[in-house]
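Let's take a friendly walk through this protein chain. Keep the sequence and the 3D view at hand as you read.

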Amino acid sequence: MGLSKMNFAGMGPKMIKDVIKKHNAVPLPQLIEMAKEQGIKLVACTMTMDLLGLQKEELMDNVEYAGVAAYLADAQDGNVNLFI
């Protein structure tokens with residue numbers, strides 16, 4: 001599956017992987033597994049999905065979907081981290 005509408009004929013995923021490797025960052029599959037082990041709630045931004053041309057069927061199971069207003073309502077009383 002392509003990274004998004006920004007796949008650039010396969011170059012998009014390669015560029016992302018190169019950046020991750022260059023910065024010695026933990027690869028995405030490992031980050032997702034760590035999050036699951038810690039009971040983290042994964043919420044996909046519906047506006048970002050629209051911009052990137054992603055459909056719900058293309059994402060992992062157990063992902064919730066919300067827009068900015070829903071996120072802010074959840075974040076108001078919680079200890080949260082917003083990743084953009």
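## Helices and strands

The protein chain in this predicted model has 4 helices and 2 strands. Start at the N terminus and follow the chain: the elements come in the order α-α-β-α-β-α.

## Helix H1 and what follows

Helix H1 covers residues 11–22, which is 12 residues.

Just after H1, look for Asn-24, where phi is positive, at about 50°.

## The surface and the inside

How much of the protein chain is buried? Of its 84 residues, 11% are buried. The accessible surface of the chain is about 7200 Å², and carbon and sulfur atoms account for 60% of that surface.

Now look for Val-26, Leu-28, Leu-31 and Met-34, which together make a nonpolar surface patch of about 320 Å². Met-34 lies in helix H2, which runs over residues 28–37. Is Met-34 buried, partly exposed or exposed? Its relative accessibility is 34%, so Met-34 counts as partly exposed, since that class lies between 20% and 50%.

## Contacts along the chain

Conventions. Residues numbered from 1 in each chain as written. Predicted model: local features only at pLDDT ≥ 70, side-chain atom pairs only at ≥ 80, totals over all residues. Heavy atoms only, no water. Buried < 20%, exposed > 50% of the residue type's maximum accessible area, 1.4 Å probe, protein only. Areas by Shrake-Rupley, 256 points an atom, 1.4 Å probe, with all protein chains shown as cover. Patch = residues over 30% accessible without salt bridge, like charges linked within 9 Å, V, L, I, M, F, W, Y side chains within 5 Å. Salt bridge = Lys/Arg side-chain N within 4 Å of Asp/Glu carboxyl O. Expected span 1.5 Å × (residues − 1).
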